[in-house]
Amino acid sequence: MKKNLGVKAAVYPLPVLIIATYNPDGTANAMNAAWGTVADTNQVAICLSHGHKTVKNIMERKAFTVSMADASLVKESDYFGIATGNKVEDKVKKAGLTAVKSEFVDAPVIEEYKLTLECEFVSYDPETEFMFGEIKNTLVDEDILLESGGIDIAKFRPIAFDTLNKSYVVLGEKVGNAFSDGKEIN
Ligand SMILES: Cc1cc2nc3c(=O)[nH]c(=O)nc-3n(C[C@H](O)[C@H](O)[C@H](O)COP(=O)(O)O)c2cc1C
């Protein structure tokens with residue numbers, strides 16, 4: 001048996017992306033965004049409401065960083081989704097995290113996040129509210145980096161946003177091999 005739930009953006013998993021930008025006074029702002037994905041091998045696409053401080057900051061500096069939240073930073077990541085830089089000064093400092101300047105773009109890197117994409121602004125459509133960014137560098141903590149160049153997901157423990165239950169869940173268990181397991185079906 002299945003049940004109709006009506007219109008729900010029930011996609012699993014939704015990421016917990018932390019978008020960091022510089023405020024006009026040089027302090028760092030960060031917001032939580034679940035409606036984001038990759039749009040090409042070197043592009044991100046994130047649906048960002050135009051009223052957010054983040055959008056204003058990106059339009060000024062033409063840059064932002066996108067970090068993947070992990071289980072050790074749930075409280076801080078959720079805070080970035082409920083407090084706005086339009087009202088709260090220096091959100092990143094208030095959350096007790098450390099912002100350093102990206103080497104590649106005019107945006108802050110929040111040191112405590114283990115995986116960060118450093119992006120240059122490409123475009124923003126006020127109608128769809130989709131922001132596109134070009135990835136200029138991918139910064140990763142060596143602690144979670146495998147010799148193969150991949151990421152140790154079990155160690156990283158990235159979180160996903162569970163929209164129907166309004167909760168965060170941890171990802172990490174490997175259940176298959178991509179571009180490979182499907183070959184068993186002929
Ligand atoms: C789990 C979660 C997911 C969110 N996803 C998005 C999103 O994809 N797009 C968006 O515009 N706002 C999203 N928000 C809301 C913003 O993070 C929130 O309004 C934030 O205060 C904006 O910060 P800013 O004004 O400092 O940029 C989300 C909030 C939470 C808690």
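## Ligand shell and an antiparallel sheet in a predicted model

Strand β11 (residues 159-162) is joined to β12 by 4 bridges, and the two run antiparallel. This is a predicted model, in which local features need pLDDT of at least 70, side-chain atom pairs count only at pLDDT 80 or more, and totals for chains, interfaces and linings use all residues. Residues are numbered from 1 along each chain as its sequence is written.

Helices (H or I, at least four residues) and strands (E, at least two) are DSSP runs, numbered from the N terminus. Two strands pair if DSSP finds at least two bridges between them. The open sheet consists of 3 strands in the order β1-β11-β12, with antiparallel pairing. Because β1 and β12 stand at the edges with a single partner strand each, one side of each is left without a neighbour in the sheet. Within the sheet, D162 stands opposite S167 in β12.

| Edge strand | Residues |
|---|---|
| β1 | 14-15 |
| β12 | 167-170 |

The ligand is surrounded by 20 residues, the closest being W35, T54, G81, T84 and G85; a residue is near a molecule if its C-beta atom, placed from the backbone, lies within 6 Å of it. β3 (28-33), α1 (53-61) and α2 (74-82) each supply at least two residues of this shell, and β3 gives the most, with 4 residues.

G6 lies in the segment before β1. G6 is exposed (12 or fewer other C-beta atoms within 10 Å of its own, with C-beta atoms placed from the backbone), because 4 such atoms lie within 10 Å. The C-alpha atoms of G6 and G133 are separated by 32 Å.

Technical notes:
A residue is buried if 20 or more other C-beta atoms lie within 10 Å of its own, exposed if 12 or fewer, and partly exposed in between; C-beta atoms are placed from the backbone.
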